[in-house]
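I opened the notebook to record what I looked up in this model, entry by entry. The sequence and structure come just below.

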Amino acid sequence: MKIKKITKKPVLRNNIRNREHSRLKGVVSDLSQNCEDLGVKIKQQADEITLKSGQLRNGIEKQMRSEEQIHICTKAMESATDGIFIIDAQNRDFPVIYANQAFQKMTGYAKREILGRSYFFSYGTNADPRIVNEIKYTICKGNSFHGEMLNFKKNGKKYWNSLRIAPVRDSIGSVTHYVGIQTDITLMREKELEIGEQREELLHVTRVGKLAEFVSSLAHEINQPLTAILSYAQAAQRILENREPELHKILSYIINDDQRAADVIQRLRVLLKKSAPEMKLLDINVLINETIALIITDATVRNVALKIELKSDLPFVLGDRIQLQQVLLNLISNSFDALESSSHDAREILIRTSRKDTETIIVEVMDSGCGIPAGNIPKLFSRFFTSKPDGLGMGLSISRSIIEAHGGRLDGKNNPDRGATFYFTIPIDIIKGR
Ligand SMILES: Nc1ncnc2c1ncn2[C@@H]1O[C@H](COP(=O)(O)OP(=O)(O)OP(=O)(O)O)[C@@H](O)[C@H]1O
Ligand SMILES: [Mg+2]
């Protein structure tokens, strides 16, 4: 029995050990499987974390970039010399939600006085209500406004405002805001007015100059028959001496009235005699530019391309500014007329300066107009010669006498292709010329 027991026990133990071993093996296998799953999960989560942190970093960078952009934009708007403002479009009072420093300076109101208040209040109480209503109407319809108007600063001072307002829309197209830019163009306006006045003055001078010349030569023409009448009347008096006292009396009336008429004419001629020109050192190129400023609007309206080719560093000339401008205006106005009578498309005027030789400067006014018929060339500078229905025919003759008084020469010719060129020379001021 005992021996049996001894032989049975190791078998049992072995079985137990084997079972334990395979259980443990199973546990180890489960464990390693779990470990593997865990590893995969950890890797997935790590990848996810890397992705998320990348996205986060991108988001932060993006935000930083957009913050920087906003900062730059705000700074730029604050530094702009034009007034910039933003209006809330959802509120019918048009309150301002942003106004840069230039806007505050232009209107004279501080930021706290502008923000939250109707934009239109910044125009001042004297602003034209029709224009204000037109602006409101335009922008309310979702359109842009562009125009110029007279505004008043906080202190009541006037200023000309060049204004642009445009609607700002959201993603579905509704207008959320209006953004505007306004520029103070008072100086520009004043300059334009000044130029306009100068132009009027010069045109007046030209007209008066022409009329004076006209009256002067008319006086000359009348003087001759008056002298003849006087001598005939005096001769008749001599013939009728001691006879026909009645006729004698009538003749003395004629002589008296004739002398009175001659006196009037003489006084008129003295009055119309040209006063001495004011001769000064002039830069002919500057003079041309000043003259162009006077007629540029006219050229634009007439659809004429006005070109200049001014030789730099030309020496000074000695001349009367107004008179030389009058010559240039006469030549340019003739070119305008010549372009009107031309059927050609190209409507150009070229004004050119250059040095003719060591002692003279030459100024040329070339046009692509109708040109001069060969038969008219010898008559161009004669007084009262004109081919225009409303012309006086004095422009060129006056211009020639002005240029000759300056020691130069004015002439004209047809261009080889089309149009004509009128040109004048003017001596360089030898002593003071550069
Ligand atoms: N650029 C030109 N092209 C063609 N013909 C010209 C040109 N300039 C002048 N003429 C001719 O010379 C004529 C005389 O010119 P001028 O300027 O003296 O008188 P006007 O232009 O006729 O009249 P006004 O003197 O009153 O301006 C003109 O009528 C025209 O026939
Ligand atoms: Mg003329």
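Which residues come nearest to ligand 1 among the 24 around it? I noted Asn334, Thr386, Gly391, Gly395 and Leu396 as the nearest of these 24, where a residue is taken as near if its C-beta atom, placed from the backbone, lies within 6 Å of the molecule.

Conventions. I am working with a predicted model, in which local features need pLDDT of at least 70 and side-chain atom pairs count only at pLDDT 80 or more, while totals for chains, interfaces and linings use all residues. Residues are numbered from 1 along each chain as its sequence is written, and chains are lettered from A and ligands numbered from 1 in the order in which they are written.

Entry on the ligand shell. I then looked up which elements supply the shell around ligand 1, and found that α8 (321-340), α9 (395-405) and β12 (420-427) each give at least two residues, with the largest share, four residues, coming from α8. Helices here are DSSP runs of H or I with at least four residues, strands are runs of E with at least two, and both are numbered from the N terminus. By class I listed ten nonpolar, twelve polar and two charged residues in the shell, counting Ala, Val, Leu, Ile, Met, Phe, Trp, Tyr, Cys and Pro as nonpolar, Asp, Glu, Lys and Arg as charged, and the others, Gly among them, as polar.

Entry on the mixed sheet. I traced an open sheet of five strands in the order β7-β9-β10-β12-β11, with mixed pairing, where two strands pair if DSSP finds at least two bridges between them. Its edge strands are β7 (305-310) and β11 (410-414), each of which pairs on one side only, and the twist averages 15° from one strand to the next. Strand β10 (residues 360-367) pairs with β12 in the antiparallel sense over seven bridges, and Ile362 has Thr425 in β12 as its bridge partner. Helix α7 (residues 284-301) packs on this sheet, touching β7, β9 (348-355), β10 and β12, and its direction makes about 175° with that of β7; α8 lies across β9, β10 and β12 at about 25° to β10. For these angles, axes are lines fitted to C-alpha atoms, for helices over the stretch in contact, and the values run from 0 to 180 degrees between N-to-C directions; contact requires C-beta atoms, placed from the backbone, to lie within 7 Å.

Entry on the antiparallel sheet. I found a second open sheet of five strands, in the order β2-β1-β5-β4-β3, with antiparallel pairing and with β2 (96-99) and β3 (145-152) as its edge strands. I counted nine bridges between β4 (residues 158-169) and β5 (residues 175-184), and Arg164 has Ile181 in β5 as its bridge partner. Helix α4 (residues 129-140) packs on this sheet, touching β3, β4 and β5. Between β3 and β4 there are eight bridges, Asn151 stands opposite Tyr159 in β4, and in their hairpin, with five residues between the strands, Gly156 takes a positive phi near 90°.

Entry on α4. Why does the span of α4 agree with expectation? At 1.5 Å times one less than its number of residues, the twelve residues of α4 should span 16 Å, and the end C-alpha atoms are 16 Å apart. Gly142, with a positive phi near 85°, follows α4.

Notes
Contact = placed C-beta atoms within 7 Å.
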